[in-house]
Amino acid sequence: MRFAKAHGLGNDFILVERASWPPEAGPWARRLCDRHEGVGGDGVLVYAVEGGRVHMRLVNADGSDAELSGNGVRCLAAWAVSRGLVPARHVVETTPGPRPVEVESLGGGRYRVATDLGPAILDSRAIPVRLDPPRDRVVDHPLQVAGETVLVTATSLGNPHCAVFMESPPDDERLARLGPALESHPFFPRKTNVEFVTPSSREEIRVRFWERGVGYTRASGTGSASAAVATIIKGLADRKVRVVCDGGVLEVEWPEGGNVHQVGEVEVLFEGEWLAAGAR
């Protein structure tokens, strides 16, 4: 099995061609993503290039399927361009739909990638969350988690997210306590990605992430975009926001009535051949 490795601000992925991927995806993904006995990664991007478009399936480090990863889209787009498989402007086909990208080479395996992440989904039924009656927006909804009450603002970019606003970023202990409790809370029927958001100004927010099926990660593409959307609908930021993650900075813009756009760097690290006998 041939593979490539890439990351977006420390959110790292293993890229494997669909023709090489076994039918039982979960065990293989867990093995490859293991940081001691595998390649190491937050997920596997199973891809195929057909008709000038890149098709992407995301399998999380825990073996579960996920709808979308913004950093994953950028990593796969950059790698496909680096191998001459597609032009700089192309489309990555994901489970929620097509995501147009534009890739710029920065040299040394580094790329700057602009992505159209599609519309922000705010309706409670479409995110989805369990609310009766449904609402067109879910802002500062109280939930009991890990012995405390937190206010969540729920959104989706084709995958579910919730933002928790804090005066300062949570330390590792609080993140590891609240993150999994929110991820698996019954309020979220498909579980959720979690963003802990601290607005710095109307142009910048600081965010830490707990990803569904992964755990703590240094950055998240859709998480950064969803955190920006949540900050905007709460009236705490302008339509163009710098999102400062543990791993670096992503730029997010959400024009009035338009799609969510994101720009950020990725790095294509190496390629290799998986020789192990199989999954465990």
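Modeller: Let us begin at the start of a helix. Ser220 caps the N-terminal end of H4, with a side-chain oxygen 2.9 Å from the backbone nitrogen of Gly223. Please keep in mind that this is a predicted model.

Biologist: What follows H4 in the chain?

Modeller: Gly235 follows H4, and its phi is positive, near 80°.

Biologist: How far apart should the end C-alpha atoms of helix H4 be, at 1.5 Å a residue?

Modeller: The 13 residues of helix H4, residues 221-233, should span 18 Å. The end C-alpha atoms of H4 are 19 Å apart, which agrees with that expectation.

Biologist: How many residues of H4 are buried?

Modeller: A residue counts as buried when its relative accessible area is under 20%. In H4, 13 of the 13 residues are buried, and the helix is mostly covered.

Biologist: How many residues of helix H1 are buried?

Modeller: Helix H1 spans residues 25-33, and seven of its nine residues are buried, so H1 is largely enclosed by the rest of the structure. The buried residues are Ala25, Gly26, Trp28, Ala29, Arg31, Leu32 and Cys33. Their cover includes strand E2 (11-17), strand E3 (43-50) and strand E4 (53-60).

Biologist: Which residues is Tyr111 in contact with, leaving aside neighbours within four places in sequence?

Modeller: Among them are Ala78, Ser82, Val103 and Leu106, and also Gly264, Glu265, Val266 and Val268. A distance gives another view: the C-alpha atoms of Tyr111 and Gly97 are separated by 23 Å, the two residues being 14 residues apart along the chain.

Biologist: What is the separation between the C-alpha atoms of His141 and Thr153?

Modeller: Those C-alpha atoms are separated by 6.4 Å, and the residues are twelve residues apart along the chain. His141 lies in strand E9, residues 138-145. Its relative accessibility is 13%, so His141 counts as buried. Beyond its neighbours within four places in sequence, His141 is in contact with Leu131, Arg135, Val150, Leu151, Val152 and Phe187.

Biologist: I should now like to consider charged side chains. How many salt bridges does a search of the whole structure find?

Modeller: The search finds 23 salt bridges. In one of them, the side chains of Glu173 and Arg177 meet at 3.2 Å, N to O. Glu173 and Arg177 are four residues apart in helix H3 (residues 172-183), which means that about one helical turn separates them. Arg177 counts as partly exposed because its relative accessibility is 30%.

Biologist: What is the distance between the closest N and O atoms of Asp238 and Arg202?

Modeller: In this salt bridge, the closest N and O atoms are 2.8 Å apart. Asp238 lies in the loop between H4 and strand E15 (240-245), and Arg202 in the loop between strand E12 (193-201) and strand E13 (204-211), so the pair ties together parts that are 36 residues apart in sequence. Asp238 is partly exposed at 31% relative accessible area, and Arg202 is partly exposed at 38%.

Biologist: Where do Glu256 and Arg239 lie?

Modeller: Glu256 and Arg239 form a salt bridge, with their closest N and O atoms 2.9 Å apart. Glu256 is in the loop between strand E16 (248-253) and strand E17 (261-273), while Arg239 is in the loop between H4 and E15; the pair thus links distant parts of the chain, 17 residues apart. Glu256 counts as exposed at 67% relative accessibility, whereas Arg239 counts as partly exposed at 29%.

Biologist: Which residues are linked in a network of salt bridges?

Modeller: The network links Lys5, Asp12, Arg35 and Asp42.

Biologist: Finally, let us consider the whole protein. How many helices and strands does the protein have?

Modeller: The protein has four helices and 17 strands. Its radius of gyration is 18 Å, close to the 19 Å that the globule rule gives for 280 residues, so the protein is as compact as a globular protein of that length. Buried residues make up 54% of the 280 residues. Of the contacts with a separation of 6 or more, 61% join residues 24 or more positions apart.

Notes. Residues are numbered from 1 along each chain as its sequence is written. This is a predicted model: local features need pLDDT of at least 70, side-chain atom pairs count only at pLDDT 80 or more; totals for chains, interfaces and linings use all residues. Side-chain values use heavy atoms; hydrogens and water are left out. Contact means heavy atoms within 4.5 Å. Helices (H or I, at least four residues) and strands (E, at least two) are DSSP runs, numbered from the N terminus. The expected span of a helix is 1.5 Å times one less than its number of residues. Buried means under 20% relative accessible area, exposed over 50%, partly exposed in between (1.4 Å probe, protein chains only). A polar contact is a pair of N or O atoms within 3.5 Å; within protein, one must be able to donate a hydrogen and the other to accept it, and residues adjacent in sequence count only if both atoms are side-chain atoms. The radius of gyration is taken over C-alpha atoms; the globule rule is 2.2 Å times the number of residues to the power 0.38. A salt bridge is a side-chain nitrogen of Lys or Arg within 4 Å of a carboxyl oxygen of Asp or Glu.
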